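Subject: Structure handover and notes

Dear colleague,

Please find the structure below, together with its sequence. My notes on what was found in it follow directly after.

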Amino acid sequence: MLTENGVEDYDPLARDVPTWSVADFKAKIGEEIGVTAWFHITQEAVDAFAVATDDRNFIHVNPPRAKEHGLPGTIAHGFFTLSLLAGFAYQLSPKVKGAVMGFNYGLDKVRFINQVPVGSKVRGRYTLADAQEKDGALVTAYDVVVEIEGQEVASGGKPALVATSRGYAKLGGEA
């Protein structure tokens with residue numbers, strides 16, 4: 001649906017991903033659950049992030065000046081790349097059977113490993129690290145590796161970042 005301010009919204013519970021029970025989550029701890037589609041890092045998106053966060057460092061928004069300082073051009077903010085985890089999770093994290101609402105619960109062990117040049121593509125590789133019931137909710141933890149196209153980890157490349165991303169699914173129905 002298109003909102004009155006022109007932004008398309010959607011219901012995360014309507015995503016086209018599997019629905020797992022709490023027991024399913026617990027049984028899959030330690031397994032890779034998937035790899036997202038590639039996301040193209042554009043200058044327009046980096047510029048919008050710079051304006052939204054007031055981080056207008058020239059290495060992010062001024063390609064000629066970034067090159068003068070030894071970079072291949074502008075690079076994405078580390079926090080821009082980190083923020084992609086929200087959308088990446090929608091692509092492949094299973095829905096929780098009985099969940100009535102889900103929230104980001106936090107991040108652990110975030111490390112920015114490699115610069116992400118504007119014009120490159122990145123993707124997320126998700127492994128279920130933990131799943132615990134807590135106060136009527138399922139708290140999950142995913143170990144995430146964000147890879148840069150052409151520098152995939154399996155081929156010996158360095159990731160853009162690594163993090164543990166936590167989710168909180170409030171249970172209200174049949175779990």
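How exposed is Arg 56, in terms of its relative accessible area? Arg 56 is partly exposed, because its relative accessible area is 47%. Its side chain meets that of Asp 54 in a salt bridge, with 3.0 Å from N to O, and Asp 54 is itself exposed, with a relative accessible area of 57%. Please keep in mind throughout that this is a predicted model, and that the values given here are computed from it.

The overall picture

The protein chain has 5 helices and 8 strands, and these follow one another along the sequence in the pattern β-α-β-β-α-α-α-α-β-β-β-β-β. Taken along the principal axes, the C-alpha atoms fill a box of roughly 60 × 45 × 25 Å. The protein chain has 175 residues, of which 37% count as buried, and its exposed surface comes to about 9700 Å², with carbon and sulfur atoms supplying 52% of that area.

Salt bridges

Side chains of opposite charge can pair when their charged atoms come close. The count for this model comes to 6 salt bridges, and the pair of Arg 56 and Asp 54 described above is one of the salt bridges found.

Another joins Glu 133 to Lys 26, where the closest N and O atoms are 3.2 Å apart. Lys 26 counts as partly exposed because its relative accessibility is 38%.

A further salt bridge is formed by the side chains of Glu 147 and Arg 123, at 2.9 Å from N to O. Here too the pair links distant parts of the chain, with Glu 147 in strand E7 and Arg 123 in strand E6, 24 residues apart. Why do both partners count as buried? The cut-off for buried is under 20% relative accessible area, and Glu 147 counts as buried because it has 1% relative accessibility, while Arg 123 counts as buried because it has 17%. Glu 147 and Arg 123 also take part in a network of salt bridges that links them with Glu 32 and Arg 125.

Which residues form a nonpolar patch on the surface? They are Val 100, Met 101 and Phe 103, which together have about 290 Å² of accessible area. Val 100 lies in strand E5 (residues 99-112), and it counts as partly exposed because its relative accessibility is 46%.

Lys 109 also has its place in strand E5, and it counts as exposed because its relative accessibility is 65%. Leaving aside residues up to four places away in sequence, Lys 109 touches Val 162, Ala 163 and Thr 164. Lys 109 and Gly 156, by contrast, are 47 residues apart in sequence and 21 Å apart in space, from C-alpha to C-alpha.

Two positive phi values

Most residues other than glycine have a negative phi. Lys 109 has a positive phi of about 50° although it is not a glycine, and Asp 135, likewise a residue other than glycine, has a positive phi near 50°. Where is Asp 135 found? Asp 135 sits in the loop between strand E6 (121-134) and strand E7 (137-148), and it counts as exposed because its relative accessibility is 66%.

Technical notes: Residues are numbered from 1 along each chain as its sequence is written. This is a predicted model: local features need pLDDT of at least 70, side-chain atom pairs count only at pLDDT 80 or more; totals for chains, interfaces and linings use all residues. Side-chain values use heavy atoms; hydrogens and water are left out. Helices (H or I, at least four residues) and strands (E, at least two) are DSSP runs, numbered from the N terminus. Buried means under 20% relative accessible area, exposed over 50%, partly exposed in between (1.4 Å probe, protein chains only). Accessible areas come from the Shrake-Rupley method with a 1.4 Å probe; for residues, only the protein chains shown count as cover. Patches are made of residues with over 30% relative accessible area and no salt bridge: like charges are joined within 9 Å, nonpolar side chains (Val, Leu, Ile, Met, Phe, Trp, Tyr) within 5 Å. A salt bridge is a side-chain nitrogen of Lys or Arg within 4 Å of a carboxyl oxygen of Asp or Glu. Contact means heavy atoms within 4.5 Å.
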